Amino acid sequence: MTANSLETLAANAPAMSKKIDRKLAIIVSKGSLDMAYPPLILANAARMSGVDVDLFFTFWGLDIITKKKMGKLHIATVGNPNMHPWFHIPTLIGILPGMSALATWMMNREIAKLDFPPIPEFVEMVSDAGARLFGCKMSMDMMRLTKADLVDSAEVLSAMEFIEMSNGAQTLFI
Amino acid sequence: MTTVSLENVKFNEEGYMVDPNAWTPEIAKAIAEREGVVLTDRHWVVINYARAEFKAKGEAPTLRNITKNTDVSTKELYALFPGGPAKLAAKIAGLGKPTGCI
């Protein structure tokens with residue numbers, strides 16, 4: 001189906017019997033692999049239920065929508081209190097070379113088993129599902145990033161603009 | 001095809017059919033009409049796939065399962081079933097509320 005006919009289809013869609021009047025704003029502040037999934041999963045679940053979603057990527061969260069980094073997110077094995085129970089990697093072992101790569105590989109494998117897509121595909125899916133993606137202007141300036149460094153569907157927004165935009169939304173900070 | 005009456009079809013309080021095996025394509029049309037959706041061939045690609053998955057696995061497929069295994073993209077899925085495709089597609093396909101997270 002072409003983009004045009006999709007638009008026509010959306011425009012001609014009769015008003016839904018129950019329009020869901022709920023809006024979610026998620027502030028995504030972390031860019032490690034284990035912390036990248038929760039906001040994407042929640043955003044996707046919200047869209048699947050007809051809830052509007054805006055995602056504001058700030059600080060390390062920007063990595064998730066930065067083209068060059070989104071496919072290479074990894075897990076820290078040192079200073080990550082979640083390592084031990086799940087991965088059984090004690091901190092002292094975590095400092096060894098290759099341990100972060102191993103944990104990342106393990107997580108990617110487990111995530112794939114649950115049929116969750118890799119991060120780049122997940123970001124595209126959430127965007128296709130109608131969630132809006134915003135890069136934090138201040139974080140981008142700090143990391144010397146421009147709009148061209150972000151995925152095409154992302155816009156750049158200042159913190160104040162995001163606060164205005166998320167007026168009335170339920171807000172999550174992840 | 002004339003639209004069948006939904007009078008004799010049992011729904012739970014959330015609007016999902018109580019007995020997925022009592023579903024027929026005519027009932028799907030009537031549910032869709034009630035939900036404000038006019039079914040096209042593209043809707044039927046999704047509905048037929050969801051029914052087949054239900055038959056094989058006993059539950060409604062996740063949206064990701066649908067987009068991976070049919071030619072319906074995420075964007076199209078949301079355009080076909082506006083206002084929450086997971087629930088709406090399952091309702092029209094006569095299936096229970098989807099439990100998958102993706």
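In chain B, 58% of the contacts between residues at least 6 apart in sequence join residues at least 24 apart. The model in which these contacts occur is a predicted one.

**Chain B: overall form**

Chain B contains 5 helices and 0 strands, and its elements follow the order α-α-α-α-α from the N terminus on. The radius of gyration of chain B is 12 Å, close to the 13 Å that the globule rule gives for 102 residues, so chain B is as compact as a globular protein of that length. Along the principal axes, the C-alpha atoms of chain B occupy a box of roughly 35 × 25 × 20 Å. Buried residues account for 38% of the 102 residues of this chain.

**Chain B: a helix pair**

Two packed helices are described by the angle between their axes and the distance between the axes. In chain B, helix 1 (residues 25-35) packs against helix 5 (residues 85-92) at an angle of about 140 degrees, and the two axes are 8 Å apart. Angles over 145 degrees count as roughly antiparallel and those of 65 to 115 degrees as roughly perpendicular; the angle found here therefore makes helix 1 of chain B oblique to helix 5 of chain B. Helix 1 of chain B contributes B:Ala28, B:Ile31, B:Ala32 and B:Glu35 to the contact, while helix 5 of chain B contributes B:Leu88, B:Lys91 and B:Ile92.

**Chain A: the sheet**

Chain A holds an open sheet of 5 strands in the order 4-3-2-1-5, with parallel pairing. Strand 4 and strand 5 of chain A stand at the edges, each with a single partner strand, so one side of each is left without a neighbour in the sheet. On average, neighbouring strands of this sheet are turned by 25 degrees against each other, direction ignored. Strand 2 and strand 3 of chain A pair in the parallel sense over 4 bridges. Within strand 3 of chain A, A:Phe134 is the bridge partner of A:Phe56.

| Strand of chain A | Residues |
|---|---|
| Strand 2 | residues 52-57 |
| Strand 3 | residues 132-136 |
| Strand 4 | residues 154-157 |
| Strand 5 | residues 170-173 |

**Chain A: helix 5**

Helix 5 of chain A (residues 99-113) has 15 residues. From its first C-alpha to its last, this helix reaches 21 Å, close to the 21 Å expected at 1.5 Å a residue. Helix 5 of chain A is followed by A:Asp115, whose phi is positive, near 70 degrees.

Definitions and conventions:
Residues numbered from 1 in each chain as written. Chains lettered and ligands numbered in written order. Predicted model: local features only at pLDDT ≥ 70, side-chain atom pairs only at ≥ 80, totals over all residues. Helix = DSSP H or I, 4+ residues; strand = E, 2+ residues; numbered from the N terminus. Rg over C-alpha atoms; globule rule 2.2 N^0.38 Å. Buried ≥ 20, exposed ≤ 12 C-beta atoms within 10 Å, placed from the backbone. Contact = placed C-beta atoms within 7 Å. Expected span 1.5 Å × (residues − 1). Pairing = 2+ DSSP bridges. Axes fitted to C-alpha atoms, helices over the stretch in contact; angles between N-to-C directions. Parallel < 35°, antiparallel > 145°, perpendicular 65-115°, else oblique.
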